Amino acid sequence: MHIKPIGMRNIKTAISVMICMSLSYVFNREYIFYAVIASIIAMQSSVADSFKTGKNRMLGTVMGAVFGMIFAFISPGNIIFCGIGVIFIIYICDYLGWKKSVVISCIVFLGIMINLNGRSPVIYSMNRIIDTFIGIGVAVIINYFISPPKHGNKLHREYILTLDRVFIIVEGRFCLNNFLDLKSLDTEIKKLEEALKLYVSEFRINKIEYSVEKIKIMLDVFKEIYMHMKIIDSLENIYVLNNENKQKLEKLFKRTLEQKSISKVSNEIDIVFNYHVHKILENLYILKSN
């Protein structure tokens, strides 16, 4: 049985937990739990995602702490106030577009309202914010400096896979008369698009030198080829390649294609078909030259 190795995100999460606990002991923080939980949640697959998740948690914590402090001054643990506070928090978070902060904001608010136990609402609320900030800060720093995700490598890999898929599908369709598997091409294009978004969103001091603009242009080329292939797939299976397209296909894929006799007057399907084949070949040569 194959045993999957422990991933770096797993290890980095454990390191974050240990550092948070150490900092809490050094600075005599009373509630280690909140810092540890924040570090676990903020440890994501990319530094950018860690930052976004941490920001959402921080916003939620501040919102919950402020409302918790205000309502706890009035009547801590009051059942009706707990309900009213939750309504206000959800409404305001939704109004501000902080939907991903709603849950943690309500949890922090209720934690202050229910667990105050005679402590000062101001000090208790501030401690929740400080502990959360410690946990998030540790997670982002660890994710940034220890074995950061190599999204540049992933982007390059997805580009090569999409490039190969395009040429395989075009060759199979026009040279081998194979089934047109557009779903696999669509999947590869979406993976490449996602990898590009992730790479662009990532921020690093020494960012991997990779031509983002080139990938963006090639992504548009892939999408255009997909669009033309989809139109061809919708045509009736009655067509004839013109000599120009036939010769370009033979040159591109180094094959000799059998061809039906071409009449001087082509039917409408042939004209439409060859137009889209021509556009596909134009884009293939663009890909080949880059």
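A residue counts as buried when its relative accessible area is under 20%. The model described here is predicted. In this model Ser 24 has a relative accessible area of 2%, so Ser 24 is buried. Ser 24 belongs to helix H1, which spans residues 8-26. A polar atom of the Ser 24 side chain lies 2.9 Å from the backbone oxygen of Cys 20. Beyond its neighbours within four places in sequence, Ser 24 touches Arg 29, Ile 32 and Ala 35.

Arg 29 leads on to the charged pairs. Side chains of opposite charge can pair when their charged atoms come close. The model holds 10 salt bridges. In one of them, the side chains of Arg 29 and Asp 131 meet at 3.0 Å, N to O. Arg 29 sits in the loop between H1 and helix H2 (32-42), whereas Asp 131 sits in helix H6; the pair therefore ties together parts that are 102 residues apart in sequence. Asp 131 is buried, because its relative accessibility is 1%. Arg 128 joins Arg 29 and Asp 131 in a network of salt bridges.

A second pair lies within one helix. Glu 250 and Lys 246 form a salt bridge through their side chains, at 2.9 Å, N to O. Both residues are in helix H10; they are four residues apart, so about one helical turn separates them. Glu 250 has 18% relative accessibility and therefore counts as buried. Lys 246 has a relative accessible area of 15% and is buried.

Another salt bridge links the side chains of Asp 94 and Lys 99, at 4.0 Å, N to O. Salt bridges are counted within 4 Å. Asp 94 is partly exposed, with a relative accessible area of 42%. Lys 99 reaches 59% relative accessibility, so Lys 99 counts as exposed.

The largest nonpolar core comprises 39 residues. Phe 174, Phe 222, Met 229, Leu 284 and Leu 287 have the most contacts inside this core. H9 gives the most, with 10 residues. Phe 222 illustrates the packing. Leaving aside neighbours within four places in sequence, Phe 222 is in contact with Tyr 159, Thr 162, Leu 163, Val 166, Ile 189, Leu 192 and Leu 287. Another core lies apart from the largest one and has 34 residues. Among its members are Cys 93, Cys 106, Val 140 and Ile 142.

A nonpolar patch of about 770 Å² is made by Val 62, Val 66, Ile 70, Phe 73, Ile 74, Val 122, Ile 123, Met 126 and Ile 130. Helix H3 (47-74) and helix H6 (121-145) are the elements that give two or more residues to the patch. H3 gives the most, with five residues. Val 122 is one of the patch residues and is placed in helix H6. Patch residues have over 30% relative accessible area. Val 122 has 35% relative accessibility and so counts as partly exposed.

How values were computed: Residues are numbered from 1 along each chain as its sequence is written. This is a predicted model: local features need pLDDT of at least 70, side-chain atom pairs count only at pLDDT 80 or more; totals for chains, interfaces and linings use all residues. Side-chain values use heavy atoms; hydrogens and water are left out. Buried means under 20% relative accessible area, exposed over 50%, partly exposed in between (1.4 Å probe, protein chains only). A polar contact is a pair of N or O atoms within 3.5 Å; within protein, one must be able to donate a hydrogen and the other to accept it, and residues adjacent in sequence count only if both atoms are side-chain atoms. Contact means heavy atoms within 4.5 Å. A nonpolar core is a set of buried Ala, Val, Leu, Ile, Met, Phe, Trp, Tyr and Cys residues joined through side-chain atoms within 4.5 Å. Patches are made of residues with over 30% relative accessible area and no salt bridge: like charges are joined within 9 Å, nonpolar side chains (Val, Leu, Ile, Met, Phe, Trp, Tyr) within 5 Å. Accessible areas come from the Shrake-Rupley method with a 1.4 Å probe; for residues, only the protein chains shown count as cover.
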